Amino acid sequence: MSSPSPSSSSSSLSFRICTYNVLAQCYVKSEWFSWTKPKSLLKWKQRREHLRRRLRDDELGKVDVFCLQEVDEFENEWREFIENELNMGVFYKRRTQKSNNKKDGSLVCWNKEKFELLDTLGVEFNEVTKTIPYLDEVEGFEEEEKREYERDCVAACVMLLHKASNVPITCVSTHLYWDPAKAFVKLKQAEYLREEIERWSQTKGNILIGGDFNSLATSDVYKSMIENDYVSLMRDDETRREPEYTNVTPSFTETIDYIFSSKNWIEKVTYRGKVKNRDLLFDGCPCEGEPSDHLPIYCDIELKKAAAN
């Protein structure tokens, strides 16, 4: 078993953020997760209870901001749990449905004792086609090329006031397109997300983005975040490496989930959660102990005192 994490810092300037792709039930088929045994672990009622326990277990500790992806049946299965049992505020953005009829989405939920909601924004990545000038310049090419970018991915954005410091913070939960062969789509989505967040918040500061980026740390997506003044909060200060893995299956065990922050407003990361040892994850996830094919990653951050003044 994983050891419990320390509670998030008692400092009034600290809080814990976690990002987690919870694996939407609409993507769960036994043939897609042949390694999961017993198969009852894939049934929604069992996964739902396991996910709920996971979000409030000792390993994660007291999380103040959750960024969740692949959340389906939000109104029926998630809202009441988040608002009444976790006692958190929540904003949910469901994916668009131009390419298929899947109805999952992303959400941000927050500790209402520490944060006050100021504003919300839903970002639809299909809109990225409006930012690509050449789509209108080549006859007969426009619709085909547009379909490459219309993948129905979204982001949920909230602007929160950190009560103890009186600092506004933009928190984002996002899920980029999955296909390894479409890296150019993911790169354009990441660029569009940064632009929309910065336009909406009217600043390049005080931004946290948690999500499933479906991209390795060697990818252009990751590099574009770093080169545009974001830092990865889960990257170890000494080794300069990300967690060893966040997505665990027999054929693919890599890190593709991240928590990015804009620069120069966080004093330090005071704690980074450790992912479970690989030998505890059987042949892959979901498994006994992990209800999703992804693992949650989380850290404690402390704001700069100057930002709080």
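1. Helices (H or I, at least four residues) and strands (E, at least two) are DSSP runs, numbered from the N terminus. The model is predicted: local features need pLDDT of at least 70, side-chain atom pairs count only at pLDDT 80 or more, and totals for chains, interfaces and linings use all residues. Residues are numbered from 1 along each chain as its sequence is written, and side-chain values use heavy atoms, with hydrogens and water left out.

2. Start with the loop between strand 1 and helix 1, where Leu23 is found. Leu23 is not a glycine, yet its phi is positive, about 65 degrees. Leu23 is buried at a relative accessible area of 3% (buried means under 20%, exposed over 50%, partly exposed in between; 1.4 Å probe, protein chains only).

3. Pro38 sits in that loop too, between strand 1 and helix 1. The peptide bond from Lys37 to Pro38 is cis, with omega near -5 degrees. Lys43 also has its place between strand 1 (14–21) and helix 1. Lys43 is exposed, with a relative accessible area of 56%. From Lys43 to Ser30 the C-alpha to C-alpha distance is 9.4 Å, at 13 residues apart in sequence.

4. Next, the helix pair. Helix 1 (residues 44–55) packs with helix 2 (residues 74–85) at about 25 degrees, axes 12 Å apart. Axes are lines fitted to C-alpha atoms, for helices over the stretch in contact, and angles run from 0 to 180 degrees between N-to-C directions. The two helices are therefore roughly parallel (angles under 35 degrees; over 145 is roughly antiparallel, 65 to 115 roughly perpendicular, the rest oblique).

5. Which residues of helix 1 meet helix 2? Trp44, Arg48, Leu51, Arg52 and Leu55 in helix 1 meet Glu77, Trp78, Phe81 and Glu85 in helix 2; contact means heavy atoms within 4.5 Å.

6. Now the cysteines. The disulfide count is zero, a disulfide being a pair of cysteine sulfur atoms within 2.5 Å. For Cys26, the nearest cysteine sulfur is that of Cys153, 13 Å away. Cys26 is partly exposed, at 24% relative accessible area. The sulfur of Cys287 lies 4.0 Å from that of Cys285, too far for a bond. Cys287 is buried, at 4% relative accessibility.

7. Cys285 is also joined to Pro286 by a cis peptide bond, omega about 0 degrees. Pro286 lies in the loop between strand 13 (266–272) and strand 14 (297–303).

8. One further positive phi: Asp229, near 70 degrees. Asp229 is in the loop between helix 5 (220–227) and strand 9 (230–232). Asp229 is partly exposed, at 41%.
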